Amino acid sequence: MRGGQRMRFGLTPKKQWRIDMTEQLDLLHKITTRVAKVGVVGMGYVGLPFALEAAQAGFQVVGIERDQRRVDQLNRGENYIDDIRDEDLHAVVRAGKFTVQADFEKAEDLDVIVIAVPTPLTRHLTPDLQYIVEVTKSLSGHLRPGQLISLESTTYPGTTEEVMLPLLEKRGLKAEKDFFLAHSPERVDPGNKRWKTKNTTKVVGGVGPNSLEVAKLFYEQIVEGVVPVTSAKAAELVKVFENTFRAVNIALVNEMALLCDRMGLNVWEVLDAAFTKPFGIMPFYPGPGVGGHCIPLDPHYLEWKAREYNFFTHFITLAGEVNRKMPEFVREKAYRLLNRVGKAPSRSKILLLGLAYKGDISDWRESPALEVARLLMQDKVEVHYHDPYIPDARAAGLDLHSEPLTEDLLRRMDLVIITTAHKVIDYGFVVAHARWVLDTRNATKDLNGDNVIVL
Ligand SMILES: NC(=O)c1ccc[n+]([C@@H]2O[C@H](COP(=O)([O-])OP(=O)(O)OC[C@H]3O[C@@H](n4cnc5c(N)ncnc54)[C@H](O)[C@@H]3O)[C@@H](O)[C@H]2O)c1
């Protein structure tokens, strides 16, 4: 069998070298035969869908999640991520292919360990690697020859090699020889019905060629396309570049929205017309700001790291500045409208329609709607909200709950601000019964309401 494997992976049968490659060959074999046991650390938006795919591909999967409530839920087969079908999760739990635990006990039995823990920013917009460091330290106590560790969390170029590698090698095992270490950024787009974990191409880079070979083979068993790059650092930069690309382009159209407001033009009309050009342009749309766990954060990871190289990423700084100011612009536009109808903000009632950071999902992290709510509340506006996906906003730091979207509620409000465009909301009903609507998402595009003002 071993001979067959060597041929298959194009290895020469030199004796000394063969001894060094034993761990790699063993792992490659376990991966192709799906005997490898896979651990996924962090059962969130990234980790859980990946764990499910790995289990569906035939691997035995162990989730490691520090939130005991999530552990219990998953072990009962209960789903909490919108993009996952309940019956899919239930099936792998019932079949015994997927279990979840709250600690790293028996992590030495795992052959492949994928890490998908949060990478937030500190208050000063610098990388906060506490979760990655904590997990790496925990894993180092269970590291044994023949394991692959792959980091999927989004982070600055160099994290895998400069932060994780030394921690993992502390006890004497060597990467590339004894164990393998890679970075493979996750590209999941919550709420996207077409592009899921399985059919979205995955970039992979290792801390060396052996790690790359093992990681590439592993991901090829689970996702439909794998793109190898020559280092973990390159893979890390790929991901932060992708999100920087979005942040910069969103900032550009947001800036257009500010300019169109001054020029008395409808930015949506201008952009829709511009995007009819069949080449050299691609659609991005303005809004009340950027949200989620990626676009507002990831570019700042790169910005911070670039300084180590005496390099200033001006586009990132500028995009951050423009995008972060959008909630204030929404407030300004809302007050202009209220002023026009003779209403003082501090005596007005405003309904925010949508709290999630984008349409059709329940994720409120970094949502600009929350910032709009905070700004209005600071000015003593009576803020109400409706979001079919977020019944209660206390976890998001607001002492509010979603109110049913009734005619009575709409009539009682001085202004409705559409902060998130959820497809399930009947905007015709909203426009018909609201006094005034400030639409920051162009959700009322086809309604021609004369009580509607767009961003
Ligand atoms: N959400 C997205 O759309 C998205 C897309 C691509 C990449 N990413 C990146 O993937 C990473 C994870 O993001 P997410 O959205 O899945 O986060 P998440 O908050 O949804 O999930 C992270 C999970 O990790 C758990 N966790 C934290 N520390 C732990 C520890 N020490 N041990 C075990 N579990 C621990 C948390 O309890 C949580 O359940 C981040 O780096 C993010 O930038 C996110």
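Helix α12 is followed by Asn 310, whose phi is positive, near 55 degrees; helices here are DSSP runs of H or I with at least four residues, strands are runs of E with at least two, and both are numbered from the N terminus. This is a predicted model, in which local features need pLDDT of at least 70 and side-chain atom pairs count only at pLDDT 80 or more, while totals for chains, interfaces and linings use all residues. Residues are numbered from 1 along each chain as its sequence is written.

Helix α12 covers residues 298-308, and its buried residues are Asp 298, Pro 299, His 300, Tyr 301, Leu 302, Glu 303 and Lys 305. A residue is buried if 20 or more other C-beta atoms, placed from the backbone, lie within 10 Å of its own. What covers these buried residues of α12 includes α10 (232-263) and α13 (314-340).

The protein is divided into domain 1 (2-232) and domain 2 (262-454), with bounds that come from an automatic or database domain assignment. The centres of the two domains, taken over C-alpha atoms, are separated by 36 Å. Across the boundary, 14 residues of domain 1 are in contact with 14 residues of domain 2, where contact means that the C-beta atoms of two residues, placed from the backbone, lie within 7 Å.

Both domains give residues to the shell around the ligand, so the ligand lies between them. Of the 28 residues around the ligand, Gly 42, Gly 44, Tyr 45, Val 46 and Ser 153 come nearest; a residue is near if its C-beta atom, placed from the backbone, lies within 6 Å. Helix α7 (residues 130-140) gives the most to this shell, with three residues.

As a whole, the protein has 16 helices and 13 strands. Its radius of gyration, taken over C-alpha atoms, is 25 Å, close to the 23 Å that the globule rule gives for 455 residues, so the protein is as compact as a globular protein of that length; the rule is 2.2 Å times the number of residues to the power 0.38. Buried residues make up 44% of the 455 residues.

Key: Buried ≥ 20, exposed ≤ 12 C-beta atoms within 10 Å, placed from the backbone.
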